[in-house]
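User: I'm new to reading protein models, so could we go through this one slowly together?
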Amino acid sequence: MSENEPALLHQLYRETYQKVLQPRMLSGHFQGRLLSLLSKLLRPKYILEIGTYTGYSALCLAEGLRPDGQLITIDKNEELEPLVNKYFGLSGFGHQLEFKIGKAIDIIPNLEFQPDLVFIDADKSAYQQYFDLVIDRMPSGGVILADNVLWSGKVVEALDPKDLDTAALLAFNAHIQRDPRVENVLMPIRDGLQLIRKK
């Protein structure tokens, strides 16, 4: 009984599954509607997304942007740029969206805006580094969303010493839990979504 998926996002979902490797990386209907609703509640002027994939989550987050707002999304996979830009252009938000190609760790320190909302959904081994790069740039009340923090349930299983991604997510979740600058709720939605608010 959640809100229906907009037609354009359904089209992007289908094209991603038809043409792109690892389509399960896409946020999808349920999580996408949650991202949209959270963004609408926050009404951010500036959104930063780390990990674009095919642009589905960026388009969901953009639904809550202020009319004078901007969303910057970063991804290292330049092969996806034509697909991302195609749907950005069709969305009606195209003038507010900027797709930067490269390493987020290099790009974030040079951004000029102060993000009100950050969505982290990139390489899991760098989650804590991304958090540390953005938290002091954000205003009080700013929100960070971190995806895949349950990692298909692996975070509650016996840890394989070779599984660096699971170890990194365990460390990230623990880091958030004890950071006095934030308050958080780990939501068991889809693959786990960490909701973090800066005090």
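Analyst: Gladly, and please keep in mind that this is a predicted model.

User: Ok, and in which sense do E1 and E2 pair, and over how many bridges?
Analyst: Strand E1, which covers residues 46-50, pairs with E2 in the parallel sense, and five bridges join the two.

User: What sort of unit do E1, H3 and E2 make?
Analyst: Together E1, H3 and E2 make a β-α-β unit, and this unit is right-handed. A further β-α-β crossover takes the chain from E2 through H4 to E3, and this crossover is right-handed too.

User: How does E2 pair with E3, then?
Analyst: E2 pairs in the parallel sense with strand E3, residues 97-101, over five bridges. As an example of a bridge, Ile74 has Lys100 in E3 as its partner.

User: Is E2 enclosed or open?
Analyst: Strand E2 spans residues 70-75, and five of its six residues are buried, so the strand is largely enclosed by the rest of the structure.

User: Switching to helices: which residues of H1 are buried?
Analyst: In H1 the buried residues are Leu9, Leu12, Glu15 and Thr16.

User: Why would residues that are apart in the sequence end up pointing the same way?
Analyst: An α-helix has 3.6 residues a turn, so residues three or four places apart point the same way.

User: And what covers that buried side, and what sits on the other one?
Analyst: The cover over the buried residues of H1 includes helix H2 (28-42), helix H3 (56-62) and helix H4 (81-91), while the face turned away from the buried side carries the exposed residues Ala7 and Gln18.

User: How far apart are the ends of H1?
Analyst: Its end C-alpha atoms are 18 Å apart, which agrees with the 18 Å that the 13 residues of H1 (residues 7-19) should span at 1.5 Å a residue.

User: Last topic: what about the phi of Gln22?
Analyst: Gln22 is not a glycine, yet its phi is positive, at about 55°. Most residues other than glycine have a negative phi. Gln22 is found in the loop between H1 and H2, and it counts as exposed because its relative accessibility is 56%.

User: Where is Arg190, and what is its phi?
Analyst: Arg190 lies in the loop between strand E6 (182-187) and strand E7 (193-198). Although Arg190 is not a glycine, it has a positive phi of about 55°, and with a relative accessible area of 42% it is partly exposed.

Conventions: Residues are numbered from 1 along each chain as its sequence is written. This is a predicted model: local features need pLDDT of at least 70, side-chain atom pairs count only at pLDDT 80 or more; totals for chains, interfaces and linings use all residues. Side-chain values use heavy atoms; hydrogens and water are left out. Helices (H or I, at least four residues) and strands (E, at least two) are DSSP runs, numbered from the N terminus. The expected span of a helix is 1.5 Å times one less than its number of residues. Buried means under 20% relative accessible area, exposed over 50%, partly exposed in between (1.4 Å probe, protein chains only). Contact means heavy atoms within 4.5 Å. Two strands pair if DSSP finds at least two bridges between them. A crossover is right-handed if, with the strands pointing away from the viewer, the path from the first strand over the helix to the second runs clockwise.
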